[in-house]
Amino acid sequence: MTSTKRISRPIRRNRGAAAVALAAATALLAGCNSSDDKGDNPLSDSKAGGDGVVVGSNNFAESILLADIYGEALKAKGIKVSYRPNIGSRETTYGLLKNGAVSVLPEYNGALLAYLDPKAKPKTVEATTSAVEAKLDSKLTVLEPSPAQSKDSVTLNAATAKKYHLTGKSSIADLKDIAKDLVIGASPEFQTRQQGLVGLKDVYGLEFKSFKALDAGGPLTKAALKKDAVQAADVFTTDADISKEKFVVLQDPKNLFGFENVQPLVYKSALPQKGVDALNAVSAKLDTATLLDLDTQVASQNKDPLDVAKAWLKSAGLD
């Protein structure tokens, strides 16, 4: 997911189907240019020139969609924007933010905090943001968090849930005696993250039969879960396929996956105040139900994420 291979970048048109395919690949794939996009290598550490703002995204479909929302909201305020979509995992994008090669990135406050400080256990959204700010590189900041949350999860396929008599009211802790018989699938990074196998062992005492490296909650992971190549997987809680495929998301009573509010991560000197205000306005209007609806339009209705982003911004009065 963090390949440094240089790739060609297709034009942005007809990107709805492409966004899902992009998220499916474990290698870095091409992503979706805007008319302002320079077609740069997404892993390049060269800084953006002039007064342009570079909006990046991680390598899964929801991050690409959120980046489009941020970028188009900034353009509406007259800010020059270019995109570096589908870059890779947080382990890569955080470095690009620190170097100023990316100006703005959609983040999830709890997951970002777990990356910066695996031992942190904040009890509120506000405490999560404060803890993130305390650990961020001095050149970076986070803006206002949105009410929208998209969490990692331990999700079972229907057959496995039925076999072990587990439902949506069941807990991750209920896997303690059966995890040894289950293969779990997720992005490669999930294997070494606190909000992943490390935390599942430390917090819930789970040791799975094996781990299968797939993608970040994308088509590879969901296909493997559906086909029973894995019995458990990390699927984002705003994924429309959970209901469609009758997957069962287990409860997380010990809050391993914490708060996961969508929140812009910003290279301070690259974003003018009108840009800060624009992104805070996006956060104020983006809730979980809205995010699920937007994700569904892209994943299930095969709409172009850019079109979905523009339509939502217009409906929210932010265009």
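1. A residue is called buried here when its relative accessible area is under 20%. By that cut-off, N109, G110, A111, L112, L113, A114 and L116 of helix α4 are buried. The structure is a predicted model, and the points that follow should be read with that in mind.

2. Helix α4 spans residues 109–116 and is mostly covered, with seven of its eight residues buried. The cover over these buried residues includes the helices α3 (90–99), α5 (125–135) and α7, together with the strands β3, β4 (140–142) and β10.

3. E107 is found in strand β3, which comprises residues 104–108. Is this glutamate buried or exposed? With a relative accessible area of 2%, E107 is buried, because that value is under the 20% cut-off. Its side chain is joined to the side chain of R90 by a polar contact of 2.8 Å. Leaving aside residues up to four places away in sequence, E107 touches R90, L112, N261, V262, Q263 and L265. I would also note that E107 and S57, although 50 residues apart in sequence, have C-alpha atoms 8.7 Å apart in space.

4. E260 is buried yet has no salt bridge, and the nearest side chain of opposite charge, that of R90, is 6.0 Å away. What does the side chain of E260 make a polar contact with? The partner is the side chain of Q195, at 3.2 Å. With residues up to four places away in sequence not counted, the residues that E260 touches are Y108, N109, G110, A111, A148, Q149, S150, K151, D152 and Q195.

5. Strand β6 (residues 183–186) has V183 and G185 pointing one way and I184 and A186 pointing the other way, and all of these residues are buried. Strand β6 runs parallel to strand β7 (residues 210–213), to which it is joined by four bridges, and within β7 the bridge partner of I184 is F211.

6. K246, which is not a glycine, has a positive phi of about 60°, and its place is in the loop between α9 (241–244) and β9. K246 is exposed, because its relative accessible area of 60% is over the 50% cut-off. N255, likewise a residue other than glycine, has a positive phi near 55° and lies in the loop between β9 and β10.

Definitions and conventions: Residues numbered from 1 in each chain as written. Predicted model: local features only at pLDDT ≥ 70, side-chain atom pairs only at ≥ 80, totals over all residues. Heavy atoms only, no water. Buried < 20%, exposed > 50% of the residue type's maximum accessible area, 1.4 Å probe, protein only. Helix = DSSP H or I, 4+ residues; strand = E, 2+ residues; numbered from the N terminus. Pairing = 2+ DSSP bridges. Lys, Arg positive; Asp, Glu negative; His and termini not counted. Salt bridge = Lys/Arg side-chain N within 4 Å of Asp/Glu carboxyl O. Polar contact = N/O pair within 3.5 Å; in protein donor to acceptor, adjacent residues only side chain to side chain. Contact = heavy atoms within 4.5 Å.
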